[in-house]
Each structure stands twice: as C-alpha cells, then as structure tokens.
Amino acid sequence: MSATSAAARGDLRPAAADGPRPARRRWRLPFSPWHLVLVPATVALLFPFLWLLITSVETSTEALHFPPILVPHVIRFANYSDALSSAPFVRFMVNSAVVAVVTVLCNLVLCTLAGYAFARFRFLGRTALFAVIMATLMVPFQVMMIPWFDITKWLGVHVLAAVGINHIGALTLPYAATAFGVFFMRQFFRTLPVEYEESARVDGASRLTVLVRIVLPLAAPPLATLAALTFLDSWNNFLWPLIAVTSTDQMTLPLGLATFQGAHSTEWPMLMAGNVMSLLPMLAVFFIAQRYFIRSVAATGLAGT
Amino acid sequence: MQLRRALDSEQFNGWAFVTPGTLVILLFGAVPIVWSGVLSFQKSSLLGSDSPFVGLANYRRMAHDPVVAQAIQHTLVYTALFVPGTMIVGLFLAVAMNRKIRFISLYRTAAYTTMAISTISEAIVFIWLFDPSYGIVNYAFSKVGLPQQQFLNSPSEALYVIVVMTIWGWTGFAVVVYLAALQGVPQSLLEAAAIDGAGPWRTFRRVTLPLLSPASLFLAVWLTINALQLFDEVYLSTQGGPLNATTVLVYYLYEQAFQQFNFGYASAIAYFLFLVTIVITVLQFWVGRRYTYYRS
C-alpha cells in the first residue's frame, strides 16, 4: 500500500543509496560503478534522437553517403521549410491538439459523472449496466473497428457531419468516454469517506453540487492521471485515424507524418525534419508535465499489483 | 414538491449522471462487439449490399488460409521476443537507476523520453537507422567487421528489426513501472538479507525480484496485449513484407478489412485475436499467481 501512495504522489526518488558494501576494497572508482552501465545505456536510448536531429539538417547528398557523415558540413535548416511546404504540419499539430484536448475534457466530465454515480447512487439497472461496461474493457479495438467505420459514416450522414468520416470529430467522439475511465474514477470515489458528502446533503446541496463542490476538489490526483493517460493515447493514436480520415486537412500528426513518409520515403533530411517537428509538441508537453505522466504510468502499473 | 423530490432521488440522478458516458461506451463498445460478432458469420463486402449468413464459413476459411497460419506464427514469435526483451531491459535499467548518484535524473529522463515518441516517429527513425544502403547500423557493422545486412528488406531479419524498435519504444514505460515498484521494496528487508550474509546478487534474486513480481506480472500481461495488436510499425516499415515475413494478425486483418473489404472474414480474424488475447492473459494470470508474491 505504501508503494501505491508513494507513486501516487509522483515520488520516484531513489529508495536508497547503493546497497551494502563489502568491508574492504583494494581500490575505489572515483565515481559509482553504475555510471559505467548507465552512460552507455543512455547513449543507446538517446542515439536515435541524436541521429534524427543530425539527419534533419544534412543535405540529401550527405544523407545518401556511405559511410554516413556524422557531422554535417553545413547546417541546412531549409529541410524544415521544405517539409512545411510539402505537408501542412502546423495543421496536423492543430488537429492533434484539438482532438487530444477535447477527448481529455470529455473523458474528465463523462467518466467523473458516470464513475461517481456507479460508486454512490443506487439506481435500477446499475449492476447490469456496470457489468456491460466492464465487459467492453478487455475487447481489442480491432474487434470494434469495422462497426466503428459504419457507425461513424452513419452519424456523419444522418446526425452531424462534424463527427462523420473524414472529420476530426470522428477521432474524438468514440473516445469521449471510456470503460477504463469510468472504472478508474469509480474505484477512486469508492475510497473517499462518504461523511463530507452526507453533511453537505443535510445542508440542502443538490447531488451535482456535492459532486462539484465537495468531491471534485479531492479528486485532482486521479483526474490528472486520467488526463495524462488519455492525452498520450489520443496523441499517439494511429490505426483509427488511418481508417477514418483520408483528407489531408483533417489528419492528426501520426497519420499526417505517415502519409508524408509514404510520399517522400527517400528524401531523408526532409523526412527527418518533418519528424522532428512532429515530435516537438509532445516532447514539450511531456517535459512540462513529466511528473504527471510518470506518476500516471506508475499508478497504472501499481494498480495492477 | 414531488417533482423536486424526484429530481433529487438516487434513481434520477444515477441515470442522469450515467447516461452521457454510457451512451458513448454502448455505441462504440458494446454495440460494435455484438455487431462484428454477427459480421463474422456473414459474407459481407462493400460491393454486394446484401450480406448472407454463411455460418462458420469465415472461421473455416481461416483454418485453411496459409497467410493466417503465417500471421499467427509471426505474431507469436514477435510477442515471445518483445515481451521478455522489454521486461529485461526495463528491469535492468530500473535497478541501475534506483540509486542516488550524480546525473541520475538525466539518465531517467533519457529513458522516460521514449514514452513521448509516437510509434510512427519511432518507426521512421528506425527505418533510417537500419537502412541497408545508408544506415548507420550497417556502418557500425562494417566497423566491427560484421557483414552488411538487408534488415527490413530481408525476410529473415525484418521481424527482428521490428522487435528492436518496439523494445526501444517501450523501454520508458517498463522503467517507470519497475522503478515505482522498486521504491516499494522496504530497505529493512535488504539490510536483513545483507546481515544474514547474502551478497548483492543473492539479495536481488531472493528478496528484490520476488517483491517485484506483481509489477512483472502486470508488465507481462500489458505488454503481451499490446504485442498481439502490433500494427503501426509494420504498416510503416514493411507493409507486412518482404514475402509476408512481417504479416502479423492485426496487419492481415487490416488488409482484409480495409483493402480487400472482406468485412465478414476480417471480423472472424478479429474475434480470433480476441480469443487468443483472452487465453494468453488467463494463462499468464494462472501461471503468474504461482510465482507472484503479494505482501499484505
């Protein structure tokens, strides 16, 4: 339990310094021997990024040279403007951001409402409904994707064009609430003591007021976790956009980048420049909110234990 | 008065709170699951508007489709390499990073950063690293006297390159999960083991590793579910080739559904994937429970 709470606070501090040492040592490194492991590992982990950056400022001749040129002779930033003029990367970014933010907001609202009701209210059909929702949790997306296509097409034609095929709305609506989110919030609300809510009820507050005023202020950590996980999933989603969107101006970054790669698969410097631009927004968000992302992933891992 | 009481009831509020989210989950969860189950017993394609029921024909076709057999084999080989590979790399790095030494936050950030990379970005970088003609990996091979490889262009190597790139992509995730679990290992137990004369390796094997087993079980299950659904990297790097060498189940299913428009057949494959996922997950929990040590 203590592990769960430590991780829930986002503390991934080292538990201790190096383990017990033997009493005598003939010689000592001036630094911890673990650096000898960690430096090469870090280089290996970061090398793909480094090579990506280097290639993105090389000329085509330099990139298509063997042996590879490790240090480019001139820094060619024009690859970036070339990439921008061959594919609307800014548009992809805006689409990705809109899809991710709207998906996160919808999830926060809808999963909170449903999770709270499942945790607190007794109503007809609660158990059955919850069971149905849980049953969808384990099913792979691939089982659902063919009907998703038909449902989305139908919605776009008969209900609202903005959620139909070839609109970014189609990338949002199916993920607006998830079984995982409902379950996750319900589990959290069940751990809260009910006394505060009861006393607010006695004072005449409506049930919605109680949720918004009393419960939500206590729910910031799970909401942040749900937001971070939903954001990552939405931002990196590829297969559903690939199926639902074909027009360039509605593409999100992964799909736009994949299409760009398909059209320019041998123009490595420009391709890498586009790749760098696609990476930057998520890297920035990740670094700013690193605590939340790490904590969220750690929390799912520990929840499974 | 009565209306106000009704509006304040658990019945009304329960349904009012649950309805919006539930509608989405039913429409895009429950309905599609049943729907594709029905589809899998139909012969349905874009051309014909009627889709006659054909019983188990789609499933029988699967049993005789040589590409399905290959896809199953590739998916299982991939999973069998990717899951333990990611776990070992993640565990090793997490243990190395679970200490207060200089630059530790730098090392950790380097590992975490792989989490922020989309599968598409990752695949494009690795295609370039492993390019047979101009790639830096072949250059490194030539430097140490190894023969030049065809990598993604080689039917016997392509799948392994995809294993390498996906392990890299999941390293951050595995490190985070293992680091969080390592923080939960009580220092007192490690000290007790040391006092009893256990060396670092024995302490790790006999104390730390058992205490990490819940995290290991979680990772094994989670990574397996994801491995069975491998698609993005294959789509981007090899399109299932060369010579079907990287055709995995989901890639074949995608081809059948959205390139051949055999919706019925694709649904049968999807249900088969679902079945395989359930069987493997249940097996993992069943085996895992025997080796998993839960405190409390």
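Select helix H2 (residues 35-56) of chain A together with helix H15 (residues 268-288) of chain A. H2(A) passes H15(A) in a left-handed crossing; a crossing is left-handed if the near helix is turned anticlockwise from the far one by less than a right angle, and right-handed if clockwise. The model is predicted: local features need pLDDT of at least 70, side-chain atom pairs count only at pLDDT 80 or more, and totals for chains, interfaces and linings use all residues. Residues are numbered from 1 along each chain as its sequence is written, while chains are lettered from A and ligands numbered from 1 in the order in which they are written.

Remain with this pair. Two packed helices are described by the angle between their axes and the distance between the axes. For H2(A) and H15(A) the angle is about 125° and the axes are 7 Å apart. Axes are lines fitted to C-alpha atoms, for helices over the stretch in contact, and angles run from 0 to 180 degrees between N-to-C directions. H2(A) and H15(A) are therefore oblique to each other (angles under 35 degrees count as roughly parallel, over 145 as roughly antiparallel, 65 to 115 as roughly perpendicular and the rest as oblique). Helices (H or I, at least four residues) and strands (E, at least two) are DSSP runs, numbered from the N terminus.

Next, display the residues of the contact. From H2(A) come Leu52(A), Leu53(A), Thr55(A) and Ser56(A), which meet Trp268(A), Pro269(A), Met272(A), Ala273(A), Asn275(A) and Val276(A) of H15(A). Two residues are in contact if their C-beta atoms, placed from the backbone, lie within 7 Å. By class, this contact has seven nonpolar, three polar and no charged residues. Ala, Val, Leu, Ile, Met, Phe, Trp, Tyr, Cys and Pro count as nonpolar, Asp, Glu, Lys and Arg as charged, and the others, Gly among them, as polar.

Move to helix H10 (residues 195-202) and helix H11 (residues 207-215) of chain A, whose axes come within 10 Å and cross at roughly 130°. H10(A) and H11(A) are therefore oblique to each other, and their crossing is right-handed. Tyr196(A), Glu197(A), Ala200(A) and Arg201(A) of H10(A) make the contact with Val210(A), Ile214(A) and Val215(A) of H11(A). Five nonpolar, no polar and two charged residues form it.

Now show the whole of chain A. Its secondary structure comes to 16 helices and zero strands, and its C-alpha atoms fill a box of roughly 75 × 75 × 35 Å along the principal axes.

Turn to chain B, which has 13 helices and zero strands. Along its principal axes the C-alpha trace of chain B spans about 75 × 70 × 35 Å.

Where do the chains meet? Select the 90 residues of chain B that are in contact with 89 residues of chain A. Helix H2 (residues 10-39) of chain B gives the most to this side of chain B, with 22 residues. By class, the side of chain B that touches chain A has 63 nonpolar, 22 polar and five charged residues.

Finally, centre on Ala220(B), in helix H10 (residues 200-228) of chain B. Is Ala220(B) buried or exposed? With 20 C-beta neighbours inside 10 Å, Ala220(B) counts as buried (20 or more other C-beta atoms within 10 Å of its own; exposed is 12 or fewer, partly exposed in between; C-beta atoms are placed from the backbone). Leaving aside neighbours within four places in sequence, Ala220(B) is in contact with Val83(B), Met87(B), Gln284(B) and Gly288(B). Ala220(B) and Gln284(B) are 64 residues apart in sequence and 7.7 Å apart in space, C-alpha to C-alpha.
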